[in-house]
Amino acid sequence: MQPLRVYSVVPKLPVKLNALWELAYNLLFAWNDDIASLFAQVDRKLWRDCSGNPVGFLNRLPQKTLESLADDEFFVERVGDLRQTLATYLSRKTTSIPFPDRDGQPVVAYFSLEYGISACLPVYSGGLGILAGDHLKSASDLCVPLVGIGLAYQQGYFRQYLTADGWQQERYPIYDFEQMPLQQCKDAAGERILIHVDLRGERVYSQIWKAQVGRVALYLLDTNVVENQPGSRQLTNRLYGGDLETRVRQEYLLGIGGIRALEALSLKPKVIHMNEGHSAFAGLERIANFMDKYRLSFEAAMELVASSSIFTTHTPVPAGNDRFPPDLIQLYFEDYAKRLGLAFKVLLALGREDPRNDSEHFCMPVLALKLSRFNNGVSLLHGVVSRRMWNRVWNQYPVEDVPIGAITNGVHVPTWVAQDMAALYDRYFGANWREDPDTNRVFAQTHLISDAELWRTHERLRERLVGYVRERLREQLLARGAKRKELQAAEEVLDPQALTIGFARRFATYKRANLLLSDKERLLKILSDSTRPVQFVFAGKAHPHDNEGKKIIQELVQLCNSPQCRFNMVFLEDYDMEIASYLVQGVDVWLNTPRRPLEACGTSGMKAMCNGVLNYSTLDGWWAEAWKPDNSVGWAIGQGEEYEDGGYQDFVESQTLYNILENEIIPTFYDRGHHGSLPRNWIRKMKDSIAELAPLYNSHRMVEDYARIAYVPALENYNRLTRDDCAAAKDLASWRMDMMTKWGNLDIRNIRADEPDQLHVGDAVRVRAEVHLNGIRPQDVEVQIYAGRLDYEGKFAQRETVNMRPVENMDDAWTVYVGEVQPAEAGRFGFTVRILPHHPLLLDSHSLGLIRWAAA
C-alpha cells in the first residue's frame with residue numbers, strides 16, 4: 001500500500017531556538033567545537049547515536065526538551081552567541097589569494113567522487129574523500145571562491161562488522177537525506193531542480209542536494225527520483241559499488257551531470273579542479289558547451305578547457321586507475337562523439353596512453369591529463385612516481401619533463417586537532433589560529449608551550465582514547481553475543497599510561513598492516529614487558545572484493561583475541577571519521593608501513609602530527625619529504641630503498657621496524673628524567689614535529705598552493721582566451737594545428753661546441769647548431785641546450801636547459817642558433833640539443849607532446 005501524500009514533519013522549535021536550524025544546516029559544526037558542544041551537551045547519548053548529526057538530533061529531541069531549553073536563559077544566550085559567530089564567519093569575504101575579475105560567482109568548481117566532511121554525511125570511503133572534505137573546509141576558511149560537486153549515495157560506503165573468527169562482513173544502511181544537513185535545491189517557484197543525462201538512450205534524471213560547508217557550497221547529485229527507471233534510481237546507491245558499467249554511469253553523471261547541475265543552479269565557475277580521474281568527463285562536457293556557446297572548433301574549445309582545468313592524481317599504481325573496455329565506452333559515448341564533431345576513434349584516443357593502439361582500454365586519468373594544463377601528484381615523491389607512470393602519454397620526453405608537478409596534501413587542522421589541544425593552541429597562539437593563513441608564524445610559537453602542560457594534555461587524550469576503545473570494544477562484543485566474561489575483559493583492555501601505537505587505514509596489501517606480525521615471538525616479547533608496557537590499537541577496512549586484505553584483518557584480529565595479546569592489542573570495527581579522530585588524537589606513535597613508493601601521500605600521519613603524535617613510517621608519501629635524518633620529528637623505517645623482491649623488502653623492513661621500536665622509541669618514551677615525571681626528550685620531539693611540520697602539512701597551505709599555482713593562473717588563462725569572442729583561443733588552436741602539421745619536418749644539424757683541453761667547473765661551453773624550421777616562425781619555437789651530469793651508463797643523472805638564440809639565417813632556409821652552458825660540478829658532463837614549441841598562451845611547452853631531438 002502506497003501513501004497518497006507524503007509530508008516531511010519537523011519539530012516545532014520555540015521561536016527563541018530557531019537559530020538552531022541555521023547552526024544545524026551549516027557544516028561549520030564539523031570543525032567548530034563550540035557549535036558541536038552546544039548540541040552534544042543537551043543529550044550526549046542521543047548526540048552520539050545520531051553520529052554528531054544536528055539535523056537528525058533536533059528531529060529526535062522530545063518537544064518537551066525543546067520547550068525546556070527555550071526557558072533556559074543561559075542556553076538561549078549561547079544559541080544567540082553562536083548564531084552571531086556563524087554570521088561573522090560567513091560575512092568575511094577577503095582572501096589571502098586575490099582572484100582577479102571577481103563577479104560574485106564561484107571561480108572554481110571542485111569535482112570529487114567522495115567527500116569526507118563529517119561522520120554524519122557518509123559520502124566518503126577513506127583518504128581521497130577526507131582530503132576533498134579538508135580541501136573544502138580550508139577553501140571556506142580562506143574565502144577561496146570555490147564550489148564542490150559530488151554524488152549523494154543513499155547507502156554510502158559499506159559499514160564493517162567482523163565474524164567471531166575475524167572475517168570482514170559488509171552491511172549497507174539506507175540513509176535519509178532529509179535527516180541530514182542537506183537541503184534540496186529548488187527553483188524560484190519552489191519546484192525541485194532536476195538535471196538529466198542520457199545513458200545508452202535512457203534519460204536519467206537527478207535531483208540536487210546542497211550541503212553548506214562554512215562559506216563553500218557542496219552540491220550532490222541523487223538519481224533516486226520517481227522520474228527514473230528502477231535501475232537508474234539505484235545509480236547513486238553506493239560509493240564504489242557495482243560493476244564496471246555502474247562505474248561508467250556514475251562517472252558520466254559526476255562529470256557531465258555535474259557541469260549541467262552548475263548550469264541549472266546558474267553557477268558559472270571558469271575553472272574546474274578534477275580530484276582524481278573519476279570526473280574527467282566534465283572536461284568533455286565543457287568542450288561541448290564552449291563549442292555551442294562560442295561557436296568554436298573542437299580544437300579551440302579543448303585549448304580553452306585544458307588551459308582552465310586542474311587535475312590531481314592520487315593513485316601511484318596503474319591498476320588502481322579506472323580503465324574501461326572500448327566497447328563499453330562506445331555504448332555511452334558514440335553519440336556524444338558526434339556532438340563534439342569527432343570520429344568515435346578520435347574520442348577513444350583521448351583516453352589512451354598510445355592513441356594508435358585500438359585494443360587499449362580507455363583510461364580516465366589519461367583523459368584528465370590531456371584535458372588539463374595543471375597536473376599534479378599529492379607529494380613530491382608521488383609527483384616523481386606519476387611522471388614515470390604516465391611517461392607513455394608524453395613518450396618523447398625524459399621522465400623529468402613529463403608535465404605533472406606536485407602539491408603535497410595537507411589536513412584541516414581545526415577539524416582534526418583535539419579540543420584539549422585546540423584550547424592549548426588558543427592560549428599560546430591566539431584564538432585566530434584556525435583561520436590564519438600565516439601558519440609559519442602561528443606554529444613557530446609551539447616551543448613556548450610548557451612541557452608539563454603539553455604532556456598533561458596529551459595524557460588526557462590517551463586516557464580518553466582508552467575509555468573510548470573499551471566502550472567500542474564492548475559494543476562489538478555485545479553485537480556478537482559475547483559472554484559476560486568477555487564483556488568484563490573489555491573493560492580492562494589497554495593501560496592509560498602505556499606507550500600506545502596506532503595503525504588505522506585501508507587494508508590494502510601494499511600498506512602491509514601485517515608487517516608487525518612478521519616476527520610474532522619478538523612482538524610478544526615487547527608486549528610482555530611489564531616495566532615498559534607497549535600497546536597497539538588497529539582499525540581499517542578492506543575493499544569488499546579484496547580477500548587478501550580481509551585475510552590480513554583476520555590474522556590481526558585473531559592475534560588481538562589471543563590470551564597473550566587481548567589486553568594490549570585491540571582491533572576496532574567499522575573505521576570511520578569518529579574512530580580516526582580518537583586515534584590520531586590519543587595515541588603516542590602513528591605507525592605506517594606502506595611498501596615504497598606505493599603510498600601517494602598518507603594524510604593520517606599529518607592528522608596525528610598536529611596533535612603532537614610522533615610518526616613512525618617507511619619513507620613513502622609525505623613522510624619521505626617530512627622526516628628529518630636526526631629523528632627530531634619522528635622515525636623512519638629504512639632509508640627510502642626500493643626493492644625488486646617484495647618479500648625480501650618486507651623482511652628487511654620488519655627487522656628495522658622492531659630494532660627502532662626496541663632501541664629508540666620505547667626507551668625514549670620511558671626516559672622520564674631526574675624526577676621520573678616528564679619524558680623531556682619525547683616532548684621535545686612533539687614540539688619539533690608540530691613547529692616544523694604543521695606549517696607545511698596543513699590544508700590551508702595546500703589550498704593556497706593550488707590557488708597560487710593553478711587556480712589564479714587558470715582563471716587568467718580563461719579570461720585571456722575568451723576575450724573578443726574567444727579570438728585568442730581560436731588563434732591558439734590554429735597555431736597548434738600549424739605546429740602539428742609542420743613539426744615532423746623540423747631538423748637539427750651541424751652541432752658544434754668548444755672542445756677545451758680541460759674543462760673546469762663554471763667554464764662556459766659555447767654551442768652552435770643549425771636548425772631547419774620548415775616555415776615555422778623563430779618565435780614559435782624554443783631551441784634549447786639540454787645538459788647535465790652523466791651517470792655511469794652515460795645517461796643524464798641531472799639536467800638543466802638553456803635557451804639558444806638565432807644569430808644567422810642561412811640561404812637554404814636553415815637558421816644558426818648559439819648558446820652557452822656551464823657545468824655546475826665536477827664529473828662527467830654532456831649535452832644535446834632539442835626544439836620545443838612556444839606560444840605566449842601555451843602554459844607548458846611540454847603539454848603538446850611535440851619535441852625534436854638532435855640525432856645522436
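Student: In which kind of crossing does α2 pass α6?
Tutor: α2 passes α6 in a left-handed crossing, the term for a near helix turned anticlockwise from the far one by less than a right angle, whereas clockwise would be right-handed. This is a predicted model, in which local features need pLDDT of at least 70 and side-chain atom pairs count only at pLDDT 80 or more, while totals for chains, interfaces and linings use all residues. Residues are numbered from 1 along each chain as its sequence is written, and side-chain values use heavy atoms, with hydrogens and water left out.

Student: Why are α2 and α6 called roughly antiparallel?
Tutor: The axes of α2 (residues 33-40) and α6 (residues 73-91), both helices being DSSP runs of H or I with at least four residues, come within 11 Å and cross at roughly 150°. Axes are lines fitted to C-alpha atoms over the stretch in contact, with angles from 0 to 180 degrees between N-to-C directions. Angles under 35 degrees count as roughly parallel, over 145 as roughly antiparallel, 65 to 115 as roughly perpendicular and the rest as oblique, and α2 and α6 are therefore roughly antiparallel.

Student: Which residues make the contact between α2 and α6?
Tutor: With contact meaning heavy atoms within 4.5 Å, Asp34, Ile35, Ser37 and Leu38 of α2 meet Phe75, Arg78, Val79 and Leu82 of α6.

Student: What makes Arg512 count as buried?
Tutor: Buried means under 20% relative accessible area, exposed over 50% and partly exposed in between, with a 1.4 Å probe and protein chains only; Arg512 has 2% relative accessibility and therefore counts as buried. Arg512 lies in the loop between β15 (499-504) and α21 (520-527), where strands are DSSP runs of E with at least two residues.

Student: Why is α15 described as largely enclosed by the rest of the structure?
Tutor: Seven of the 10 residues of α15 (residues 380-389) are buried, so the helix is largely enclosed. Among the buried residues are Leu381, His382 and Arg387, and the buried residues of α15 pack against β13 (374-377), β14 (405-406) and α25 (623-626).

Student: Is Asp725 buried or partly exposed?
Tutor: Asp725, in helix α28 (residues 699-742), counts as partly exposed because its relative accessibility is 39%.
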